[in-house]
Amino acid sequence: MKKVLLALASAGAVIACSGVATAAQPGLSFATLEYQQPRDPLLPSNQSADIVEQTSADRLAPARTAIDQAVPAGTPRAVAEAVLIKAGAHCRVQGATTERCTYLDVSTRDPYVDAVHWNVDLSLANDAVSGVEVNRTWVRDL
């Protein structure tokens, strides 16, 4: 009986550990990319709300690298769409050679609410990714 319990406990530990390893590698996630972004600066009180602010390229560089690794040049269009949709984006064909995938998030920073918008533009050649452009904007509402 002890051997059976020990075998069951060992099997449970292996299953639990393999589940942890799977959970630790979730793939690309826009929610995670957003969480990893430095906090957007507080706007001066004399600056009106509802102005679209552009995230600088240096602050966006780590996210750009993650997206480039998830959707490298040569990736088939369908695979790139699947990766970005799984990451939380919505994709729309813009033409035979371009596609835009977007992700929208809302964050609060008392007493402000920020609407955050990610755009990933895929350049396509022969129905495969030939380039990726990443853009992040945010609008603060008071």
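Here, buried means under 20% relative accessible area, exposed means over 50%, and partly exposed covers what lies in between, using a 1.4 Å probe and protein chains only. The model is predicted, so local features need pLDDT of at least 70 and side-chain atom pairs count only at pLDDT 80 or more, while totals for chains, interfaces and linings use all residues. Residues are numbered from 1 along each chain as its sequence is written, and side-chain values use heavy atoms, with hydrogens and water left out.

On to the sheet. Helices (H or I, at least four residues) and strands (E, at least two) are taken as DSSP runs and numbered from the N terminus; two strands count as paired if DSSP finds at least two bridges between them. In general, strands of a sheet pair through backbone hydrogen bonds, in either a parallel or an antiparallel way. In this model, 5 strands make an open sheet with antiparallel pairing, in the order β1-β5-β4-β3-β2. At the edges sit β1 (52-54) and β2 (90-93), each of which pairs on one side only. Neighbouring strands are turned by 25° against each other on average, direction ignored; axes here are lines fitted to C-alpha atoms (for helices, over the stretch in contact), and angles run from 0 to 180 degrees between N-to-C directions.

Going through the pairs, β1 and β5 run antiparallel and are joined by 3 bridges. Val 52 has Val 139 in β5 as its bridge partner, and Gln 54 stands opposite Thr 137, also in β5. Helix α3 (residues 57-70) packs on this sheet and touches β4 and β5, its direction making about 145° with that of β5; contact means heavy atoms within 4.5 Å. The β4 and β5 strands pair in the antiparallel sense over 13 bridges, with Val 116 opposite Trp 138 in β5. Strand β3 (residues 98-109) pairs with β4 over 12 bridges, again antiparallel, and Cys 101 has Val 120 in β4 as its bridge partner. A hairpin with 2 residues between the strands is formed by β3 and β4.

The other hairpin, that of β4 and β5, also has 2 residues between its strands. Asn 126 lies in this loop, between β4 (112-125) and β5 (128-141), and has a positive phi near 55° despite not being glycine. Asn 126 is exposed, at a relative accessible area of 79%. Asp 127 is found in the loop between β4 and β5 too, and its phi is likewise positive, near 60°.

Now for the interior. A nonpolar core is a set of buried Ala, Val, Leu, Ile, Met, Phe, Trp, Tyr and Cys residues joined through side-chain atoms within 4.5 Å. The largest one has 22 residues, and those with the most contacts inside it are Phe 30, Ile 67, Leu 84, Trp 118, Val 120 and Leu 122. Two or more residues each come from α2 (30-36), α3, α4 (77-86), β3, β4 and β5, with β4 giving the largest share, 5 residues. Leaving aside residues up to four places away in sequence, Trp 118 touches a list of residues including Phe 30, Leu 33, Leu 60, Ala 63, Cys 101, Tyr 103 and Val 134.
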